[in-house]
Amino acid sequence: MFIYQTIRINTMKEISEKEFSDEVLNSGRVVLDFFSTECPPCEALASKFEDLSKIYGSDIKFLKIYRQQNRELAEKMGVKSSPTLLFFKDGKEIGERLTGGVKRSDIIHNLDLMLPDERQQEIKAQIKPSVSEFDVIILGAGPGGLTAGLYLCQSKVNTVLVDIALPGGQVSTTHEVSNYPGFIEPQAGYLLSHNMSEQTKMCGTVYKFAVDITKVDLVNKEIVIDEYETIRAKKIVIATGTTPNTTGASGEKALKGKGISYCATCDAKYFDNKEVVVIGGGNSAVEESDFISRFASKVTIVHQFDKFTANKKAQEKIFSNPKMNIIFNSEPRSFDKDGDKMVTEVENLIDGKRIKLVSDGVFIFIGMRPNIELFKDKLELDQWGYIKSDEDMRTSISDIYAIGDVISKKYRQITTAVADGTIAAMAIAKELN
Ligand SMILES: Cc1cc2nc3c(=O)[nH]c(=O)nc-3n(C[C@H](O)[C@H](O)[C@H](O)COP(=O)(O)OP(=O)(O)OC[C@H]3O[C@@H](n4cnc5c(N)ncnc54)[C@H](O)[C@@H]3O)c2cc1C
C-alpha cells in the first residue's frame, strides 16, 4: 500500500544486549526500538519504524531489541515500557525518548536532530506521497468505531480504522466497567477495550493508529495522515468521541500533567497516602473520587451546586467514605504550585469568599466536549456542538455517518456507542451491497 521510494532495503536489524556496545555505542547515528510481543503499541509502531528505515536507513541505523529477552540492558537503560525508542549519536543518547502510541512525526523530529538541515531536506524530497482506497474510513477507534469496524469487516466491506491515539477510546483509561453486558464481574477498562480491538483486528479491518490527521475532506471522502498518506473511501464514519472540559481557571493549562490530571485510572496510583482535590460533581467526578480514595488519604471534592448530579448509588458510597471532604457551591478560580504542592483557590458562589486548598494533586472531571475540530464547519451540529445524525447515523453530508459520544444524544455510554456503531455499519453494508 505504501509507495515511498526505497533508498536501501533491509535497513533494519534485530540485536541482543551482547551487541549493544558495538552496534549502538560505537556507532554513528542509531535509533533503537525496545519492543515486546503481545504489545499493541509495539505493533502500531512496527510499520512506521520499517517505513522510516527505508527512507532514513542510509544515514541512520535502525535497530530493534526484544525487551523481554534483554531485560538486564532494558533495566540498565531505564526502559520501563514497550515500545521505547532511543536515539543515539556517536554513542550518546540524544533527543526525547518516545514511548506508548508513538507518532511518525515525533520519530521524524528525533531522526532529523541527527542530520544536517540540507540532508534532512534531501531525504524529505525523496518521500513520495501514497494513496490508498477503501470502502469506508472510520475516524476514531473507541467502542463505537471498533464496533462499526467489526460489523463492516464481517460484511466484507473494506474498512480502515484511523485514530490519533491507540485503540480503545475512553474505555482504555476507565479503571473498571461494571455495566457492560456479558461480564458477571467488573472488567478492567483497558482489558475490555483491548478485547474489542483484538476482535475487530482479527476480522481483518486495517488499522492506522497514533497518526497525525492533517486533513479531512468530508465532501470528497478523503483524509490525509502523517502528511504523506492520502486515504480515499466511499463513506466516512466519524467516531471521534469527546475530550474533558477545562475549568478555565488560571494556571490549569500550564499545570496539566504537572499536578493536574483528567484521568484517575492513569494517575490515581501516584497519590498513595497523599491528599487530592477533585473538581466536579457528576457521575465521573463522584465515581472517580471513590477510585482515587483507594490510594489517597484525603479527597476534597469541589462542586459548583449544592448537591451532586451523580447517580444515587455512587453518591451513597461517597457520603459513607471517611476520606471524603466535600465543598459544595464552589468553583476553582486558580491553580498554582508551591514547591511540590498544588494550591487551588476556590470561590464560594454564595458569599464570594475565597479559600486556598493545598494538596498533592488535582483531578478535574467537569464534563466533556465533542472532538470535531477537523470538520466542525461542515456538519450540522446541535447547540452544544455535537453532530446531528438520523436513525441510521447519517449526518447532514451524504455518505458521512457519525456515531458514539460525538453525536447529539441523551445518554453517552459504551453500550450506546456500540449500538450506534452497529446501526451505522449495517446501514452502510446494506447500501454498499
Ligand atoms: C472516566 C470515565 C468513566 C466511564 N465509565 C463508563 C462506564 O463505566 N460504563 C460506560 O458504559 N461508559 C463509561 N464511560 C463512557 C464511555 O467511555 C463512552 O461513552 C464511550 O467510550 C464512547 O465511545 P466512543 O467510541 O463514542 O468514543 P471514545 O471512547 O471517546 O473514543 C473516541 C476515539 O476517537 C479518537 N479520536 C479523537 N479525535 C480524533 C480525530 N480527529 N481523528 C481520529 N480519531 C480521533 C480518540 O483517540 C479515541 O480513541 C466513562 C467515561 C469516562 C470519561
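Trainee: Which residues come nearest to the ligand?

Mentor: First, a caution: this is a predicted model. Of the 33 residues around the ligand, Gly140, Gly142, Gly169, Gly241 and Gly404 come nearest.

Trainee: Which helices supply at least two residues of the shell around the ligand?

Mentor: α6 (143-154), α10 (283-292) and α12 (414-432) each do. By residue class, the shell has 13 nonpolar, 16 polar and four charged members.

Trainee: How is the chain divided into domains?

Mentor: Domain 1 covers 2-126, domain 2 covers 130-243 + 369-432, and domain 3 covers 260-364. The centres of domain 1 and domain 3, taken over C-alpha atoms, are 41 Å apart.

Trainee: Now the cores. Which residues of the largest nonpolar core touch the most other members?

Mentor: The general idea comes first. In soluble globular proteins, nonpolar side chains tend to be buried together. Here the largest nonpolar core has 76 residues, and Ile137, Val237, Ile238 and Ile403 touch the most other members. Helix α2 (residues 40-56) gives the most to this core: seven residues. Domain 1 (2-126) and domain 2 (130-243 + 369-432) both contribute, so this core lies between them. Apart from it lies another core, of 27 residues, including Ile260, Phe271, Val302 and Ala310.

Trainee: What is the order of the strands in the open sheet?

Mentor: The five strands run β15-β22-β16-β17-β18, with parallel pairing. β15 (260-261) and β18 (324-327) are at the edges; each has a single partner strand, so one side of each is left without a neighbour in the sheet.

Trainee: How many bridges join β16 to β17?

Mentor: Five bridges join β16 (residues 275-279) to β17 (residues 298-302). Val278 stands opposite Ile301 in β17.

Terms used:
Residues are numbered from 1 along each chain as its sequence is written. This is a predicted model: local features need pLDDT of at least 70, side-chain atom pairs count only at pLDDT 80 or more; totals for chains, interfaces and linings use all residues. Two strands pair if DSSP finds at least two bridges between them. Helices (H or I, at least four residues) and strands (E, at least two) are DSSP runs, numbered from the N terminus. A residue is near a molecule or strand if its C-beta atom, placed from the backbone, lies within 6 Å of it. Ala, Val, Leu, Ile, Met, Phe, Trp, Tyr, Cys and Pro count as nonpolar, Asp, Glu, Lys and Arg as charged, and the others, Gly among them, as polar. Domain bounds come from an automatic or database domain assignment. A nonpolar core is a set of buried Ala, Val, Leu, Ile, Met, Phe, Trp, Tyr and Cys residues joined through C-beta atoms within 7 Å. A residue is buried if 20 or more other C-beta atoms lie within 10 Å of its own, exposed if 12 or fewer, and partly exposed in between; C-beta atoms are placed from the backbone.
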